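Biologist: I would like a close look at one part of this model, with its neighbours brought in where they touch on it.

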Amino acid sequence: MPLAAMAEIVGPARAAGRGVGAFNVVGIEHAEAIVTGAEAARAPVVLQISENCAAYHGALEPITSACLAVARSAAVPVAVHLDHAASAELVRAAAGLGLRSVMYDASAWPYLANVRATADVTRWCHARGIWVEAELGEVGGKDGVHSPLARTDPNEAAGYASATGIDALAVAVGSSHAMLTRDAVLDLGLITRIRRAVGVPLVLHGSSGVPEADLAAAVRAGMTKINIATQLNKVFTAAVRRYLSADPAVVDPRRYGSAGRDAVAPEVARLLGIVSVGGASGGRRRG
Ligand SMILES: [Zn+2]
């Protein structure tokens, strides 16, 4: 299947009130497991490469090329997305490598500087057919949408989306990054208000810390793209640790690598079953 455009995945999902699972890749095993899980769930999926992931591999190209190849051979629609790029330079590099979806994150900047920089990047991307997600900073919260205390104001979000021309907006509604516990409390009423005010799909970051029932509720309230990273890493690492402690003499990384990969795939299928069911008002359910 050819690489899917993010708009082809997120647009219909938003219209139908379904969520889209967007999973962060670390190595190629993650990409393979995420696609296998999506195929099992018969759901479209997003592979995400963060700036930190590119730094881990020493460059953006090796992991991007691997993800694009895995995506192109999938039996379900797969989009490959650059997650949390703080520099326009990285966005341009991603475009040069064939990525057609990016998150440009200027949320650390003051509001007007964020608007200006994001509008520039969005214009540049749209001229090349690239989909842009962005994030609105929160006064007093340096972690932007990832601060559990930060809250996106619906009116400000609407103004930001129209001033920048972005395709999707990451919002602060109670979740935070890299949580190992699942006790984040989402403000579902706020999600509904933002969904009504803002014309573009909404993105939930830090979903690994959200109780699963609340993830489904967040989708019903109007959230579309659900970013999940830490949960897959927990599952991958637990499986590798189990394998290594059961067989301390193992040497071949393929043995414990496949244990990790084989554990992540069904977890992806399970999570997609939770987020991609949908059922928001006006949405049509699909079997
Ligand atoms: Zn994030």
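Biologist: What kind of unit do strand 3, helix 5 and strand 4 make?

Modeller: Strand 3, helix 5 and strand 4 make a right-handed β-α-β unit. A crossover is right-handed if the path from the first strand over the helix to the second runs clockwise, with the strands pointing away from the viewer. The model is predicted, with local features needing pLDDT of at least 70 and side-chain atom pairs pLDDT 80 or more, while totals for chains, interfaces and linings use all residues. Residues are numbered from 1 along each chain as its sequence is written, and side-chain values use heavy atoms, without hydrogens and water. Helices (H or I, at least four residues) and strands (E, at least two) are DSSP runs, numbered from the N terminus.

Strand 3 (residues 78-85) pairs with strand 4 in the parallel sense over two bridges; pairing requires that DSSP finds at least two bridges between two strands. Tyr 104 of strand 4 is the bridge partner of Ala 85. On its other pairing, strand 4 runs parallel to strand 5 (residues 131-135) over four bridges, and there Tyr 104 stands opposite Ala 134.

In a regular strand the side chains alternate between the two faces of the sheet. In strand 4 (residues 101-104), Ser 101 and Met 103 point one way and Val 102 and Tyr 104 the other, and all are buried, that is, under 20% relative accessible area with a 1.4 Å probe, protein chains only.

The helices of the two units meet: the axes of helix 5 (residues 88-96) and helix 6 (residues 111-126) come within 11 Å and cross at roughly 10 degrees. Axes are lines fitted to C-alpha atoms, for helices over the stretch in contact, and angles run from 0 to 180 degrees between N-to-C directions. Helix 5 and helix 6 are therefore roughly parallel, a label for angles under 35 degrees. The contact (heavy atoms within 4.5 Å) joins Ala 88, Val 91, Arg 92 and Ala 95 of helix 5 to Val 121, Trp 124 and Cys 125 of helix 6. Its residues divide into six nonpolar, no polar and one charged; Ala, Val, Leu, Ile, Met, Phe, Trp, Tyr, Cys and Pro count as nonpolar, Asp, Glu, Lys and Arg as charged, and the others, Gly among them, as polar.

Definitions and conventions:
Angles under 35 degrees count as roughly parallel, over 145 as roughly antiparallel, 65 to 115 as roughly perpendicular and the rest as oblique. Buried means under 20% relative accessible area, exposed over 50%, partly exposed in between (1.4 Å probe, protein chains only).
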